Amino acid sequence: QVELAESGGGLVQAGDSLRLSCAVSVRTFSSYHMGWFRQAPGKQRELVAQITPGRSTGYGDFVKGRFTISRDHAKSRVYLQMDMLLPEDTAVYYCAARDVARPDYDYWGQGTQVTVSS
């Protein structure tokens, strides 16, 4: 069983930075790919970033170098550093976990709201 808890969202202005954190309760953190997704009102959920146990990373096209995903195996945490935030980054951000042997993200957190004002 995997439990995920996000924190770090909030209201910021365009150009500001935020760091999201996801605490992962699991026996073997190193057996999971980790991802951040987001969903804005009226839009589909989209992948923001993902990271493998070996710390290989991938990002959505819209990130364009502004965000950085990282993971701390000692603390079983995943982070999303978001810089140069834009109003269109406003969304609920979700942390998710995927067993390395499975194709889909099966475990999700409750989400944290990020609102960027212009």
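Buried here means under 20% relative accessible area, exposed means over 50%, and partly exposed lies in between, with a 1.4 Å probe and protein chains only.

Some ground rules. This is a predicted model, so local features need pLDDT of at least 70 and side-chain atom pairs count only at pLDDT 80 or more, while totals for chains, interfaces and linings use all residues. Residues are numbered from 1 along each chain as its sequence is written, and side-chain values use heavy atoms, with hydrogens and water left out.

A salt bridge is a Lys or Arg side-chain nitrogen within 4 Å of an Asp or Glu carboxyl oxygen. The count is four.

Start with aspartate 89. Its side chain meets arginine 38 at 2.9 Å, N to O. Aspartate 89 sits in the loop between β8 and β9, arginine 38 in strand β4, 51 residues apart. Strands are DSSP runs of E, at least two residues, numbered from the N terminus. Aspartate 89 also bridges arginine 66, at 2.7 Å, N to O. Arginine 66 lies in the loop between β6 and β7, 23 residues from aspartate 89. Both aspartate 89 and arginine 66 are buried. Arginine 38 is buried too.

Now a contrast in setting. Aspartate 106 pairs with arginine 102, closest N and O atoms 2.6 Å apart. Aspartate 106 is partly exposed, at 32%. Arginine 102 is partly exposed, at 45%.

β7 and β8 run antiparallel, joined by six bridges; strands pair if DSSP finds at least two bridges between them. Isoleucine 69 partners leucine 80.

Technical notes: Helix = DSSP H or I, 4+ residues; strand = E, 2+ residues; numbered from the N terminus.
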